Each structure stands twice: as C-alpha cells, then as structure tokens.
Amino acid sequence: MSLRTPLGKVLGRGSAGDGVGHWWEQRVTAIALIPLTAWFAFGLLRRHAGKFQDMHDWLSQPWTALLASLLVVTLAWHSKLGVQVVIEDYVHSHGAKTALLVLSTFLHFAAAFAGIFAILRMTLA
Amino acid sequence: MSLSILHRITGVALSVGFLVFVWWLMALAQGPQAYAEAVEVLRSGFFKLLLGGWAFAFIYHFCNGIRHLIWDAGVGLEKRQARRSGAIVAVATLVLFALFVWAVYCATPVTG
C-alpha cells in the first residue's frame, strides 16, 4: 500500500515541490556541455591564449561568439544546479543554507551576464 | 566509491574556475592593457598551479560526467560494469591530462 495520495502521484512533484525539473535540467545542460566545452578547449589550445589579438580575433567571429555565449550560459546553469545540490547536502543550518543558496544564485546570474556582455562587446564593437 | 565524491569536488572547483573564466573574458573585452594584466596574474606560479588543477578537474568531470549520463540511461549499473567504467574513466582522465600537459608545453603556441 502506498502512502502517496492520488493527487500527489498525478502531479509528480515530490517532497521538494518541483518534481524532476532540477534533475532533468542538470542532465540536459551536461549533454550540451560535452560538445561546447570540447570545442572551446580545442579552440583555446590551438591558439596563443596569452596574446590579446589572437583571442580577440577568435572570440569576435560571429559563430565563435554565438557558441561561446551558449557555453557561458550553459556552464552557469549547470554550475548553479550543481552547487545548489552540494549546499543542500552539506550545509544543515537553515539560515546558512538559505544565505548560501541566494549568494550562489546571485553569483551565477552575474557571471552569466558578465560573460555574455564581454562576448557581445567584442563581437559587436 | 571515491570517484563519486571526486565528481562533486571537481564540480565545485570548476564552479570557482567558471568565475575566473568570466573574469578572463571581461579582461579580454576591456582591451589589450587589461588583458595583459590578467594574463600576468594567470601566469604567476600560484595561478599556474590552479590552472593545471582546473584542467585536471575539467577532464575528470567531463569523463565521469559521461559515465553518469550513461548510468542515467539505465545502462552499466551492475557492480562489475560500474567498476570497469570507473577504471576506464581513471585511465581516460590520466591519458587526456597527459595529452593536455604535452599540448601546453610542447605542441602548441598556448603559452606564447
């Protein structure tokens, strides 16, 4: 006999109230990051990373800028979800947990927008 | 198993690395002067060590992440299979990291 109510089963949201959304987003971003990170790593290794002109020329090309923007957004998203799980698992004080989750959200959003802003500035300048 | 907690540790390390990556992008967007200053910081001994650590963390998290995705598809969950895929991840990580070190120091102009 199950203690789950019929309504709970139909909604499928579980105890945290948001269902499998978090789990699913973590996997979808992971799949997207396989080609995106591999592309960026190889692109970086093929160039003079220490030289401004080399990096700027590369990242200001339209397709590079597009893929790099996708990379930044997907990294931020995946990282936010991962850090959230770690905080929820290891920080037990409710106050500290909430504060860290809010801080992590702020940092990830700020980093994502900064990354996109930097890329757009290079490619549209 | 120890590979599992390593996935989390490398993940958190890479989250910090992501912030440095964005800082690097911002320096690049600001111009040659700011970029030269950022590169100087990244070339310091301490940061060189960190960058090597992030490269290792990325390679491991990448390989073991693929292993997790395969598990999520319901494949390879038997103990024997999981041990074997763990060994494959360990070997792949070491080989790719060795290739990375070789690429940075010998093959490409990355440090130029």
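This is a predicted model: local features need pLDDT of at least 70, side-chain atom pairs count only at pLDDT 80 or more; totals for chains, interfaces and linings use all residues.
Helix 4 of chain A spans residues 62–90. The helix has 29 residues. From its first C-alpha to its last it reaches 42 Å, close to the 42 Å expected at 1.5 Å a residue. Several of its positions are buried, among them A:Ala68, A:Leu71, A:Val72, A:Leu75 and A:Ala76. A:His78, A:Ser79, A:Lys80, A:Gly82 and A:Val83 are also buried. An α-helix has 3.6 residues a turn, so residues three or four places apart point the same way.

Helix 4 of chain A packs against helix 2 of chain A. Two packed helices are described by the angle between their axes and the distance between the axes. Here the angle is about 140 degrees, and the axes lie 9 Å apart. Angles over 145 degrees would count as roughly antiparallel. The two helices are therefore oblique to each other. Their crossing is left-handed. On the side of helix 2 of chain A, the contact includes A:His22, A:Glu25, A:Gln26, A:Thr29 and A:Leu33. A:Trp39 and A:Phe40 of helix 2 also take part. Helix 4 of chain A contributes residues including A:Leu67, A:Leu70, A:Thr74, A:Trp77 and A:Leu81. By class, this contact has 13 nonpolar, 6 polar and 1 charged residues.

Helix 2 of chain A brings A:Arg27, A:Ala30, A:Ile31, A:Ile34 and A:Thr37 to the contact. Helix 3 of chain B answers with B:Phe62, B:Gly65, B:Ile66, B:Leu69 and B:Asp72. The contact comprises 6 nonpolar, 2 polar and 2 charged residues.

Across the two chains, 26 residues of chain B are in contact with 28 residues of chain A. On the chain B side, helix 1 (2–30), helix 2 (32–42) and helix 3 each give two or more residues. Helix 1 of chain B gives the most, with 11 residues. The chain B side divides into 18 nonpolar, 6 polar and 2 charged residues.

Notes
Residues are numbered from 1 along each chain as its sequence is written. Chains are lettered from A and ligands numbered from 1 in the order in which they are written. Two residues are in contact if their C-beta atoms, placed from the backbone, lie within 7 Å. Helices (H or I, at least four residues) and strands (E, at least two) are DSSP runs, numbered from the N terminus. Ala, Val, Leu, Ile, Met, Phe, Trp, Tyr, Cys and Pro count as nonpolar, Asp, Glu, Lys and Arg as charged, and the others, Gly among them, as polar. The expected span of a helix is 1.5 Å times one less than its number of residues. A residue is buried if 20 or more other C-beta atoms lie within 10 Å of its own, exposed if 12 or fewer, and partly exposed in between; C-beta atoms are placed from the backbone. Axes are lines fitted to C-alpha atoms, for helices over the stretch in contact, and angles run from 0 to 180 degrees between N-to-C directions. Angles under 35 degrees count as roughly parallel, over 145 as roughly antiparallel, 65 to 115 as roughly perpendicular and the rest as oblique. A crossing is left-handed if the near helix is turned anticlockwise from the far one by less than a right angle, and right-handed if clockwise.
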